[in-house]
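Please read the points below with the model open beside you.

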Amino acid sequence: MKKEEVFIFGHKNPDTDSICASLVSERLDKKNGWDCTVAKRLGKVNKETQYVLDYLHLEAPEMIDKVEEGQEVCLVDHNEFNQSIEGIEKAKILSVTDHHRIANFETSEPLYYTAKPYGCTCTILFEEYKRLGHEINKEEAILMASAIISDTLLLKSPTTTEHDKKALAELEKIAGMDIQEYGLNMLKAGTDLGDFSEAELVNLDAKNLDKDGNKFVIAQVNTVSIEDVLKRQKDLESAINSEIEKKGLQLFVFAITDILNSNSEIIALGNRTDAVEKAFDVKLENNRAFLPGVVSRKKQLLPDIDKNM
């Protein structure tokens with residue numbers, strides 16, 4: 001009798017860390033003799049992640065949109081239920097490997113929970129490989145390196161830790177590649193936003209959040225030209241207002257991040273834009289504010305906005 005599959009997946013609107021961490025976790029489990037785990041994804045693959053998959057000639061994990069009651073799952077790169085799959089409240093969560101805050105999370109049974117304040121989930125997985133004495137092959141090294149590059153913006157993000165730097169240096173040697181060249185090409189691939197609709201753009205990398213019943217979203221896109229994205233502001237605002245109405249949001253923050261100059265321009269809409277103004281001591285003009293040096297949602301955008309909601 002075939003053992004039931006255990007699904008491994010990251011958050012909705014998956015980024016490179018979510019996809020790569022799922023694939024790496026599946027490989028790590030198999031090295032540990034646990035053959036029933038299968039990587040899945042909870043949304044479309046973005047262009048940055050597709051660059052990685054194409055480079056490695058890999059297929060993306062199968063996409064799923066819900067799980068049945070009792071389905072065994074392992075979560076990577078997230079823990080909050082409102083960022084996870086439909087049905088997660090009734091699934092059997094076996095493990096979590098994550099580098100974010102813990103919120104809106106509860107289980108009925110004990111589980112394995114690994115949470116470290118690193119820049120990337122794959123840095124945690126890298127250390128698990130080392131701890132368990134498993135050799136890291138070239139494909140695994142490139143998957144983990146790609147996730148670290150993505151989440152830390154080539155180690156330039158304030159989320160970067162010494163653990164991330166050490167992991168990436170070792171993974172570069174295993175992969176036998178120039179990480180700076182590969183990483184810049186990978187990040188630039190993710191900034192090609194021209195063929196996305198405005199509705200797709202505001203949902204491309206959006207985190208659904210909840211603070212004492214106040215629902216809000218912080219979405220982010222990377223670019224090499226903030227000005228080019230802002231040419232679409234009117235249509236972006238229409239898409240954002242549709243999301244606010246559909247989800248009953250108090251606030252939607254859309255961050256446009258310049259990966260070359262490490263700055264962001266935000267568009268903020270909703271009836272709680274005051275939380276943004278207080279968080280960054282700015283006055284929104286034309287629903288916008290420029291935030292110099294701000295590139296990280298996890299460390300720079302979310303904590304201060306959450307505190308003022």
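Is Tyr-182 buried or exposed? Tyr-182 is buried, with a relative accessible area of 5%; buried means under 20% relative accessible area, exposed over 50%, and partly exposed in between, with a 1.4 Å probe and protein chains only.

Two remarks on the basis of these notes come before the points. The model is predicted, and local features need pLDDT of at least 70, side-chain atom pairs count only at pLDDT 80 or more, while totals for chains, interfaces and linings use all residues. Residues are numbered from 1 along each chain as its sequence is written, and side-chain values use heavy atoms, with hydrogens and water left out.

1. Strand β4. Helices (H or I, at least four residues) and strands (E, at least two) are DSSP runs, numbered from the N terminus. Two strands pair if DSSP finds at least two bridges between them. β4 is joined to strand β1 (residues 6–9) by 3 bridges, and these two run parallel. Within that pairing, Leu-75 of β4 has Phe-9 opposite. β4 also pairs with strand β5 (residues 92–98), in the parallel sense and over 5 bridges. There, Glu-72 has Lys-92 of β5 as its bridge partner.

2. Helix α5, length. The expected span of a helix is 1.5 Å times one less than its number of residues. For the 14 residues of helix α5 (residues 162–175) this should give 20 Å, and the end C-alpha atoms are 20 Å apart, which agrees.

3. Helix α5, sides. Which residues of α5 are buried? They are Asp-164, Ala-167, Leu-168, Leu-171 and Ala-175. They cover an arc of only 100 degrees around the axis, which puts them on the same side of α5; the arc is that of the directions from the helix axis to the C-beta atoms. An α-helix has 3.6 residues a turn, so residues three or four places apart point the same way. The face of α5 turned away from the buried side carries exposed Glu-162, Lys-166 and Lys-173.

4. Helix α5, surroundings. The buried residues of α5 pack against α3 (121–132), α4 (138–152) and α6 (179–189), where contact means heavy atoms within 4.5 Å. Just after α5 comes Gly-176, with a positive phi of about 65 degrees.

5. Cysteines. How many disulfides does the structure hold? The count is 0, with a disulfide taken as a pair of cysteine sulfur atoms within 2.5 Å. Cys-74 is in no disulfide, and the nearest cysteine sulfur, that of Cys-36, is 8.3 Å away. Cys-74 is buried, at 5% relative accessible area. For Cys-122, the closest cysteine sulfur is in Cys-120 at 4.8 Å, too far for a bond. Cys-122 is buried too, with a relative accessible area of 0%.

6. Aromatic pairs. Rings of Phe, Tyr and Trp (its six-membered ring) pair if their centres lie within 6.5 Å; planes under 30 degrees apart count as stacked, over 60 as edge-to-face and the rest as tilted. By this rule there are 4 aromatic pairs. One of them is the tilted pair of Tyr-51 and Tyr-182, at 5.8 Å centre to centre and 50 degrees between the planes. This pair links distant parts of the chain, with Tyr-51 in helix α2 (residues 47–56) and Tyr-182 in helix α6, 131 residues apart. Tyr-51 counts as partly exposed, at 25% relative accessibility. Tyr-51, Tyr-55 and Tyr-182 form one aromatic cluster.

7. The phenylalanine pair. The ring centres of Phe-81 and Phe-105 are 5.6 Å apart and the planes are at 65 degrees, so the pair is edge-to-face. Phe-81 lies in the loop between β4 and β5, and Phe-105 in the loop between β5 and β6 (112–115), 24 residues apart. Phe-81 counts as buried at 14% relative accessibility, whereas Phe-105 counts as partly exposed at 21%.

8. Backbone angles. Most residues other than glycine have a negative phi, and most peptide bonds are trans. Leu-153 has a positive phi, near 50 degrees, and lies in the loop between α4 and α5. Leu-153 is buried, with 6% relative accessible area. Leu-154 also has a positive phi, of about 55 degrees, and is placed in the loop between α4 and α5. Leu-154 is buried at 11% relative accessible area.
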